[in-house]
Structure formats: C-alpha cells, structure tokens
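Open the model in your viewer and keep the selection panel at hand. The stops below go helix by helix, then to the charged pairs.

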Amino acid sequence: MAVLHRALFTWFNLLIFLILLVLRLDQRIQWNWFIVFIPMWLYDNILLIYITFNMILFCKNAHDRLISLRRMIWYMVAVLMKLSAQILVCLKLEATQWTLLAKVVLAPFWVLFAALAVDVFAHLLEDTRIIIL
C-alpha cells in the first residue's frame with residue numbers, strides 16, 4: 001500500500017471516529033461506546049496485522065534482523081498499549097457502576113507517551129551522533 005493510501009485511510013478512519021464521537025457526545029445517538037470506537041478498533045487491528053506481516057518478512061530475510069525486529073516489537077507494544085487504553089476508556093464510559101479511577105484508565109496512555117518521548121529522544125541523539133561523525 002502506498003504512503004498516500006495509508007495516510008488517506010488513517011485520516012478517513014479518524015474522521016469517521018470523530019463524527020461518531022461528536023454525535024455520541026451531543027447525545028444525537030445513544031450507541032454503546034464500544035460501537036463508537038469501531039473505526040479505531042478497525043485501524044488498530046489492520047495496524048497489528050501489518051506489523052505482524054512485516055515481522056515475519058524481517059525474520060525470513062537476513063537483513064539487519066536485531067534492530068528491525070526490536071523496532072517491530074516496539075511498534076506492536078505501542079499499538080497494544082493504545083488498544084488497552086481504548087478498552088479501558090470504553091469501560092469507564094459505558095459501565096458507570098464500576099468505580100474505575102481516571103488515573104487507572106489513562107495509565108496505558110501515560111506509559112505510552114513516556115516511552116514515545118524516550119524513543120524520540122534516543123533517535124535524536126542517534127541522529128546527531130551520526131551527523132557529528
């Protein structure tokens with residue numbers, strides 16, 4: 001799939017999700033929160049399948065396996081953390097009788113954001129080291 005197609009698919013899914021979210025928050029529809037998040041579930045599942053196939057291809061080829069495989073595992077963990085946070089948000093919004101604390105619900109997001117910040121910082125340091133050498 002070309003980069004343009006992936007970007008258009010991502011933006012289309014985000015647009016559909018935001019439309020459903022606005023309709024639900026405006027109380028025009030009374031759907032379950034899990035139904036409102038269907039575009040995000042679809043996107044995450046396609047992303048997981050894509051990452052899995054790339055991992056298989058990297059394992060078959062004898063390229064720079066260790067770095068590429070670590071990168072793919074990091075992508076898989078990031079998507080799974082996003083998925084778990086979405087499930088917790090839906091449970092918090094749908095099951096009002098449960099007393100889920102907001103910090104428990106948003107914990108996967110905070111861990112993911114911290115890990116992404118470390119990852120970006122490490123790549124910046126790696127890039128500057130390459131430029132200096």
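**First helix**

Select α1: its 23 residues reach 33 Å from first C-alpha to last, close to the 33 Å expected at 1.5 Å a residue. The expected span is 1.5 Å times one less than the number of residues. Helices here are DSSP runs (H or I, at least four residues), numbered from the N terminus. This is a predicted model, in which local features need pLDDT of at least 70 and side-chain atom pairs count only at pLDDT 80 or more, while totals for chains, interfaces and linings use all residues. Residues are numbered from 1 along each chain as its sequence is written, and side-chain values use heavy atoms, with hydrogens and water left out.

Within α1, colour N13, F17, L20 and R24, the buried residues of this helix. Buried means under 20% relative accessible area, exposed means over 50%, and partly exposed lies in between (1.4 Å probe, protein chains only).

Now select F12, L15, I16, I19 and L23, which form a nonpolar surface patch with about 420 Å² of accessible area together. Such a patch takes residues with over 30% relative accessible area and no salt bridge, nonpolar side chains (Val, Leu, Ile, Met, Phe, Trp, Tyr) being joined within 5 Å. The areas come from the Shrake-Rupley method with a 1.4 Å probe, and for residues only the protein chains shown count as cover. L23 sits in helix α1 (residues 3-25) and is partly exposed, at 31% relative accessible area.

**Past the end of α1**

Go on to Q30, in the loop between α1 and α2 (33-36); Q30 is exposed, at 58% relative accessibility. Draw a distance from Q30 to T128: the two are 98 residues apart in sequence and 51 Å apart, C-alpha to C-alpha.

**The core**

Which residues have the most contacts inside the largest nonpolar core? They are F37 and I51, in a core of 17 residues. A nonpolar core is a set of buried Ala, Val, Leu, Ile, Met, Phe, Trp, Tyr and Cys residues joined through side-chain atoms within 4.5 Å. Helices α1, α2, α3 and α4 (65-94) each supply at least two of its residues, and α4 gives the largest share, six residues.

Centre on I51. Apart from neighbours within four places in sequence, I51 is in contact (heavy atoms within 4.5 Å) with M72, Y75, M76 and V79. I51 is one of the buried residues of α3, which also include P39, M40, W41 and D44.

**Charged pairs**

Side chains of opposite charge can pair when their charged atoms come close. The whole structure has three salt bridges, each a side-chain nitrogen of Lys or Arg within 4 Å of a carboxyl oxygen of Asp or Glu.

- Select K82 and D44, whose closest N and O atoms are 2.8 Å apart. This pair links helix α4 to helix α3, 38 residues apart. D44 is buried at 1% relative accessibility, whereas K82 is partly exposed at 22%.
- Select R71 and D119, with closest N and O atoms 2.9 Å apart. This pair joins helix α4 to helix α6, 48 residues apart. D119 is buried at 18% relative accessibility, and R71 is partly exposed at 21%.
- Select R28 and D26, which meet at 2.9 Å, N to O. R28 is exposed at 63% relative accessible area; D26 is partly exposed at 46%.

**Last stop**

L106 lies in the loop between α5 (102-105) and α6 (107-132).

Technical notes
Patches are made of residues with over 30% relative accessible area and no salt bridge: like charges are joined within 9 Å, nonpolar side chains (Val, Leu, Ile, Met, Phe, Trp, Tyr) within 5 Å.
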